[in-house]
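Welcome! Here is a short briefing to read alongside the structure, taking one topic at a time.

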Amino acid sequence: MSDTPANAENLDPVDAAPGTAEPLESSIEQQLAELHAKHTEVSDAYLRAKAEAENTRRRADEEISKARKFAVESFADSLLPVKDSLEAAIATQLSKPDTPIETVMEGVQATLRQLGAALERNKVIEINPANGAKFDPHQHQAISMVPADQEANTVVGVLQKGYLINDRVLRPALVTVAAPK
């Protein structure tokens, strides 16, 4: 039989063999140093990623805030020429009160076209159903039902145009509707 016990692999490394404790201790210290370096590296990467995520969130919040604050800027910019035209018409009428009504009406019509173009550029679309069009409760608001020589629940007349903005009803068209017979 040998002098080594049967469970020699379970012995403390210090008890296992004289002179082998130092290399084992050195190996453990080296592994500990490597793990500590890896932990430092992972911690640093985590903190950098966390800071980057926070910066991205902050930049997104700023962009959203700016978008809300200046969302109407383009719309307002397209309405300024309309305002200028109206002011010019008033100034002309005040400085030359004898201007023929036809001239004034031409200016008003030109200004109305200018306003329509500005609204259209900003995706504000007119709801103006034709007589006889089917009543649509999503885009029309019935003010009254009147007897008419047309199919029931169809538009007889438009009292006030409605408007859509980006396919969403801004204001429904006020209409009279044909009553059932």
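In which helix does phenylalanine 75 lie? Phenylalanine 75 lies in helix α3, and we will come back to that residue below. Keep in mind that this is a predicted model. The protein has four helices and six strands, and along the sequence they follow the pattern α-α-α-α-β-β-β-β-β-β.

**The whole protein**

- The average pLDDT of the protein is 88, and 88% of the residues score at least 70.
- Take care with residues 1–11: their pLDDT stays under 50, and the model gives them zero contacts beyond four places in sequence.
- Of the 181 residues in the protein, 13% are buried.
- The protein has an accessible surface of about 14,300 Å², and carbon and sulfur atoms supply 58% of that surface.
- Among contacts with a separation of 6 or more, 60% are between residues 24 or more positions apart.

- Helix α3 covers residues 73–95, which is 23 residues. At 1.5 Å a residue the helix should span 33 Å, and the distance of 33 Å between its end C-alpha atoms agrees with that.
- There is also a kink in α3, of about 25 degrees, at leucine 79. The kink comes shortly before proline 81.
- Phenylalanine 75 has a relative accessible area of 26%, so this residue counts as partly exposed.
- Not counting residues up to four places away in sequence, phenylalanine 75 touches Leu119, Asn122 and Val124.
- The C-alpha atoms of phenylalanine 75 and alanine 118 are 7.6 Å apart, although 43 residues separate the two along the chain.

- How many salt bridges does a search of the whole structure find? The search finds seven, and the next points look at some of them.
- Arginine 48 and aspartate 44 join their side chains in a salt bridge, with 3.0 Å from N to O. Both residues belong to helix α2 (residues 21–70), where they sit four residues apart, or about one turn of the helix.
- Is arginine 48 buried or exposed? Arginine 48 counts as exposed because its relative accessibility is 59%, while aspartate 44 is partly exposed at 37%.
- A second salt bridge links arginine 57 with glutamate 54, and their closest N and O atoms are 2.4 Å apart. These two are three residues apart in helix α2, so about one helical turn separates them.
- Here is the general idea behind such pairs: an α-helix has 3.6 residues a turn, so residues three or four places apart point the same way.

- Lysine 161 pairs with glutamate 126 in a salt bridge whose closest N and O atoms are 3.4 Å apart.
- Why does this pair tie together separate parts of the sequence? Lysine 161 is in the loop between β3 (155–160) and β4 (162–165), whereas glutamate 126 is in strand β1 (residues 124–127), so the bridge joins parts that are 35 residues apart in sequence.
- Lysine 161 is partly exposed at 34% relative accessible area, and glutamate 126 is partly exposed at 42% relative accessibility.

- Threonine 176 is part of strand β6 (residues 173–178).
- With a relative accessible area of 13%, threonine 176 falls under the 20% cut-off and is therefore buried.
- Leaving aside neighbours within four places in sequence, the contacts of threonine 176 are Ser144, Val146, Thr154, Val155, Val156, Gly157 and Leu159.

**Two loop residues with positive phi**

- Lysine 123 is not a glycine, yet its phi is positive, at about 65 degrees. You can find lysine 123 in the loop between α4 (101–121) and β1.
- Aspartate 167, another residue other than glycine, has a positive phi near 65 degrees. The loop between β4 and β5 (168–171) holds aspartate 167.
- Aspartate 167 counts as exposed because its relative accessibility is 76%, and the cut-off for exposed is over 50%.

Technical notes: Residues numbered from 1 in each chain as written. Predicted model: local features only at pLDDT ≥ 70, side-chain atom pairs only at ≥ 80, totals over all residues. Heavy atoms only, no water. Expected span 1.5 Å × (residues − 1). Bend = angle between axes of the 7 residues up to and from the residue. pLDDT = per-residue confidence, 0-100. Contact = heavy atoms within 4.5 Å. Buried < 20%, exposed > 50% of the residue type's maximum accessible area, 1.4 Å probe, protein only. Areas by Shrake-Rupley, 256 points an atom, 1.4 Å probe, with all protein chains shown as cover. Salt bridge = Lys/Arg side-chain N within 4 Å of Asp/Glu carboxyl O.
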